[in-house]
Amino acid sequence: MSGASGASEASGVEELAQAADALFYAMRRARAVAGQQGSGLTLAQLALLNPLAEERELPVGQLAAAADVSVPTATRMLQQLESKGSVVRRRSPADERRVLVSLTDEGNEQLAAVRSLLRERQARLARFSPAERDQLVGQLRRLTDLIAEPGDD
C-alpha cells in the first residue's frame, strides 16, 4: 500500500467514524427530546421502561439488563418512577426476594406518547427509496455488528 492510498484509506475510515458518531448522537438527541416532549421521561428511564410495553410485568433484574444498567441503579430509577406514578413495584408471591415491576395507566400513556413521537420521526425515513432503505438496512446492521464485536485487546 503506498503512502498516498494508505492516508486516503485512513481518512475514509475517520470520516466514516465521524459520520457514525454523528448518527448515534442525532438518534440519542431525538429519543431524548421525544421522551421529554412525550412524557417527561429521561432517555435512561425510557430504556428501563421499554420492555414493559411488551410484557405486563417483569423483574427488576430483567429491566436492568435490558437497559444495560446495574440492578441497584435500576432500583433507584424505579423508585423515582414509582413516586411519579409511572410504575408499581411488588414482591413476587413465588419468591419474595424478587421485585416485579409493571406500568401504571399513567406509565402506559407516557410510553405510548413517546413511541408515537418516535414513529412520527421515523416516518421521515420514507424519503429514502425502497432500494436505498434496503441498502441502509444492510449497512447499518453490518455497522452494528462491527461496533458490538469484542475488541482484540
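Predicted model: local features only at pLDDT ≥ 70, side-chain atom pairs only at ≥ 80, totals over all residues.

Visitor: What makes β2 and β3 a pair of strands?

Guide: Pairing requires at least two bridges between the strands. Strand β2 (residues 87-91) and β3 have 5 bridges in the antiparallel sense, so they count as paired. Strand β1 (residues 57-59) also pairs with β3 in the antiparallel sense, over 3 bridges; Glu57 has Ser102 as its bridge partner there.

Visitor: How do you know that β3 is covered on both faces?

Guide: Val99, Val101 and Leu103 lie on one side, Leu100 and Ser102 on the other, and all are buried. Buried means under 20% relative accessible area, and 5 of the 5 residues of β3 are buried.

Visitor: Which residues touch the most other members of the largest nonpolar core?

Guide: They are Leu48, Leu49 and Leu78, in a core of 21 residues. At least two residues each come from α2 (43-49), α3 (60-67), α4 (71-83), β3 (99-103) and α5 (105-122). Leaving aside residues up to four places away in sequence, Leu78 touches Leu48, Val60, Leu63, Val87, Arg89 and Val101. In soluble globular proteins, nonpolar side chains tend to be buried together.

Visitor: Why is the contact between Arg90 and Glu57 called a salt bridge?

Guide: The closest N and O atoms are 2.8 Å apart, and the cut-off is 4 Å; the pair therefore qualifies as a salt bridge. Arg90 is in strand β2 and Glu57 in strand β1, 33 residues apart.

Visitor: Why is Glu57 called partly exposed?

Guide: Its relative accessible area is 22%.

Visitor: What makes Arg115 and Glu54 a salt bridge?

Guide: Their closest N and O atoms are 3.6 Å apart, which is within the 4 Å cut-off. The pair links distant parts of the chain: Arg115 lies in helix α5 and Glu54 in the loop between α2 and β1, 61 residues apart.

Visitor: Is Glu54 exposed or buried, and why?

Guide: Glu54 has 62% relative accessibility; exposed means over 50%, so Glu54 counts as exposed.

Definitions and conventions
Residues numbered from 1 in each chain as written. Heavy atoms only, no water. Core = buried A, V, L, I, M, F, W, Y, C linked by side-chain atoms within 4.5 Å. Buried < 20%, exposed > 50% of the residue type's maximum accessible area, 1.4 Å probe, protein only. Helix = DSSP H or I, 4+ residues; strand = E, 2+ residues; numbered from the N terminus. Contact = heavy atoms within 4.5 Å. Salt bridge = Lys/Arg side-chain N within 4 Å of Asp/Glu carboxyl O.
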